[in-house]
Structure formats: structure tokens, C-alpha cells
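Please look through the sequence and the structure before reading on.

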Amino acid sequence: MTEYHAAAWVIPMESGLKKKHIDKVLRMLPEDSELVPFEILGEGSCAYGFATVAVIEEENGLGAVIDLLEPLVEDWTEDASDCTVTLPGGKKAFIGCDYRTVLVGRIEPEDHHR
């Protein structure tokens, strides 16, 4: 299994994060690493996750890591091959999402009335 140094799960704004998603995200990160929680707020969805202190230091701060991951949250697609991105320093990050989240985020308000 690939080891990531930042991992997050995307959910609709009006939803809460489930324990199974937190467990999945934590299993992707290195054992015995120091973790810092973060959130990324998108237009119709948000992501909650953790980054290792090592990647935060390597990428010049947590804000820089969030800035690198934010476009993935904003433009997450089901076709995202493996939901990963390689950060400039070479470490990998993961952004997961249930397909339902993508559908909810793409429904326009007028579509609810049809």
C-alpha cells in the first residue's frame, strides 16, 4: 500500500465526516508520525484530513499543503485515477471521496425542483 504524508476525505458541506472515513485516512499515513489536522473548504464540499509534520516542514507550512490540495477538492471527479497527487517535495497526498459527494456537489439548486 502506498504511504501518504497528507490524506483527506471530501464530504458535502451539510454532512459530517464518518468514523470509517477517518479510519481510512489515518491508515494511509505513516505509523508513529506526528499529525496535524486540517480542513479545506470548497464551494459545495469540504475535506477533512491530516498531514505529517514532515510534509508540513518540507512544503513550507500547513497553509502551503492546503493550497496544493485545494484544487483537488474543488475539482474532484470520479475519474480521478487513484486520488493522489505528488507534492513538489516528492511526498504523496491522497484525497478520497464517495461518489455520492460528487453528485451532491454538482446538482444545481434548480435541479432539485424537477
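Two residues are said to be in contact when heavy atoms of theirs lie within 4.5 Å. With that in mind, Leu-69 is in contact with Ala-6, Phe-38, Ile-40, Val-85, Leu-87, Ala-93 and Ile-95, leaving aside its neighbours within four places in sequence.

## Model and confidence

This is a predicted model. The protein chain has an average pLDDT of 82, and 79% of its residues score at least 70.

Over residues 101-114 the pLDDT stays under 50. For this stretch the model has eleven contacts beyond four places in sequence. Where pLDDT is low, the predicted coordinates should not be read in detail.

## Overall layout

The protein chain contains four helices and five strands. Along the sequence they follow the pattern β-α-β-β-α-α-β-β-α. Of the 114 residues, 35% are buried.

Contacts also reach across the sequence. Taking contacts between residues at least 6 apart in sequence, 63% join residues at least 24 apart.

## The largest nonpolar core

Which residues of the largest nonpolar core touch the most other members? They are Phe-38, Ile-40 and Leu-69, in a core of 17 residues. At least two residues of this core come from each of β1 (6-12), β2 (35-41), β3, α2, α3 (62-74) and β5 (92-97). Helix α3 gives the most, with four residues.

A second, separate core has ten residues, including Tyr-4, Trp-9, Ile-11 and Phe-94. In soluble globular proteins, nonpolar side chains tend to be buried together.

## Aromatic pairs

The structure has two aromatic pairs. One of them joins Tyr-4 and Phe-94 in a tilted arrangement, with 5.6 Å centre to centre and 55° between the planes. Tyr-4 belongs to the segment before β1 and Phe-94 to strand β5, so the pair ties together parts that are 90 residues apart in sequence.

Tyr-4 and Phe-94 are both buried. Ring pairs link these two residues and Trp-9 into a cluster.

## Helix α1

Helix α1 covers residues 19-28, and within it His-21, Val-25 and Met-28 are buried. Seen down the helix axis, the buried residues of α1 fall within an arc of 60°, so they line one face of the helix. Lys-19, Lys-20 and Arg-27 are exposed on the other side of α1.

What covers the buried residues of α1? The cover includes β1, β3 and β5.

## Thr-52 and the cysteines

Is Thr-52 buried or exposed? Residues count as buried under 20% relative accessible area; Thr-52 has 2% relative accessibility, so it is buried. Thr-52 lies in strand β3 (residues 45-52). Not counting residues up to four places away in sequence, Thr-52 touches His-5, Pro-30, Ser-33, Glu-34 and Leu-35.

Cys-46 is buried, with a relative accessible area of 2%. Cys-97 is buried too, with a relative accessible area of 11%. A search of the whole structure finds zero disulfides.

Conventions
Residues numbered from 1 in each chain as written. Predicted model: local features only at pLDDT ≥ 70, side-chain atom pairs only at ≥ 80, totals over all residues. Heavy atoms only, no water. pLDDT = per-residue confidence, 0-100. Disulfide = S-S within 2.5 Å. Buried < 20%, exposed > 50% of the residue type's maximum accessible area, 1.4 Å probe, protein only. Core = buried A, V, L, I, M, F, W, Y, C linked by side-chain atoms within 4.5 Å. Phe/Tyr/Trp six-rings, centres within 6.5 Å; stacked < 30°, edge-to-face > 60°. Arc of directions from axis to C-beta.
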